[in-house]
Every structure is written in C-alpha cells, then in structure tokens.
Amino acid sequence: MNDLRIRAAAPADLDTVLAFWKEAAEGTSISDDRDGVARLLDRDPESLLLAERDGELAGTVIAGFDGWRCHLYRLAVHPGHRRRGVATALLAAAEERFTALGGRRGDAMVLNENGLAHQAWSAAGYERQPQWSRWVKPLCP
C-alpha cells in the first residue's frame with residue numbers, strides 16, 4: 001500500500017471524478033454532476049479525498065463535516081484496485097480529518113442492496129443502525 005497517495009481533490013479533478021463514479025460507484029445521486037461537486041469543493045475544499053496509485057485514480061470518499069456531524073459519502077474503489085487497502089486508507093484519512101476538526105462520530109450513507117459495501121464498512125468498524133431511516137425530499141426537478 002506504500003504506492004498509494006491520498007490527497008484532496010482540486011477543481012481540475014471534477015471530470016475525472018465524475019467519470020470514475022460512473023465506473024466504480026454503486027447508484028447515482030442528484031448531486032453527481034459538475035456543479036454539485038464544484039459546490040462541495042467551494043464550501044469545503046478538503047472534503048473530497050482521492051486515492052491514487054501510479055497516477056491513476058483508485059478510489060474516492062467524501063468526508064464532509066458540518067461542524068456537528070461527520071458524514072461519509074461516495075466511498076468508491078475502482079474494481080481493479082479492490083482488496084488492496086484503498087478503502088481502508090481512504091477511511092483512515094477521512095477519520096483523521098474528522099478528528100482534527102473536532103468530530104466525534106462518523107456516519108456513512110450505504111445502499112441497502114450493496115452487500116460488498118456492507119462488508120467493507122463492517123470491516124472498518126462501522127455498524128448499521130436499523131433504528132434510523134433516511135428521509136429525503138428533492139429540492140429541484
């Protein structure tokens with residue numbers, strides 16, 4: 001794993017990240033567009049973490065902190081880089097970021113049907129909380 005580099009995304013990375021998510025991430029989000037990711041970086045430039053191996057994007061995670069809660073989104077690892085420590089390194093970097101910001105607990109959005117992700121999150125020490133439900137209202141058409 002020594003050849004893995006974790007860094008914050010820059011505006012120049014937006015198109016690469018969006019293309020990567022189409023290949024490596026499960027599901028889509030209303031915010032998965034250039035404007036949505038650009039707003040994320042404008043508001044919190046350190047929130048989108050990239051894992052690179054040999055100059056190639058191997059994984060991503062959004063580690064957002066709103067001053068109260070630590071939120072994890074878009075943990076995605078390219079199929080060719082899975083089972084090689086990419087997700088572990090990304091989550092460690094996200095957790096270090098949260099701790100430095102004063103965060104006390106991380107939570108992750110994980111699709112119910114994504115069994116592979118469930119295994120990864122569980123292996124990283126996260127637990128599903130069945131007593132909570134996500135309530136969503138789209139704010140744009």
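Glu52 forms a salt bridge with Arg5 in this predicted model, the closest N and O atoms being 3.0 Å apart; a salt bridge denotes a side-chain nitrogen of Lys or Arg within 4 Å of a carboxyl oxygen of Asp or Glu. Because Glu52 lies in strand E2 (residues 48–53) and Arg5 in strand E1 (residues 4–8), the pair ties together parts that are 47 residues apart in sequence. Helices (H or I, at least four residues) and strands (E, at least two) are DSSP runs, numbered from the N terminus. Glu52 is buried at 15% relative accessibility, whereas Arg5 is partly exposed at 48%; buried means under 20% relative accessible area, exposed over 50% and partly exposed in between (1.4 Å probe, protein chains only).

Residues are numbered from 1 along each chain as its sequence is written. For this predicted model, local features need pLDDT of at least 70, side-chain atom pairs count only at pLDDT 80 or more, and totals for chains, interfaces and linings use all residues, while side-chain values use heavy atoms, with hydrogens and water left out.

The count of salt bridges comes to seven. One of them joins Asp44 to Arg97, with the closest N and O atoms 2.4 Å apart. This pair links distant parts of the chain, Asp44 being in the loop between H2 and E2 and Arg97 in helix H3, 53 residues apart. Asp44 is buried, with a relative accessible area of 12%, and Arg97 is likewise buried at 13%.

Helix H3 (residues 86–101) also contains Ala93, which is buried at 19% relative accessibility. Beyond its neighbours within four places in sequence, Ala93 is in contact (heavy atoms within 4.5 Å) with Ile6 and Leu49.
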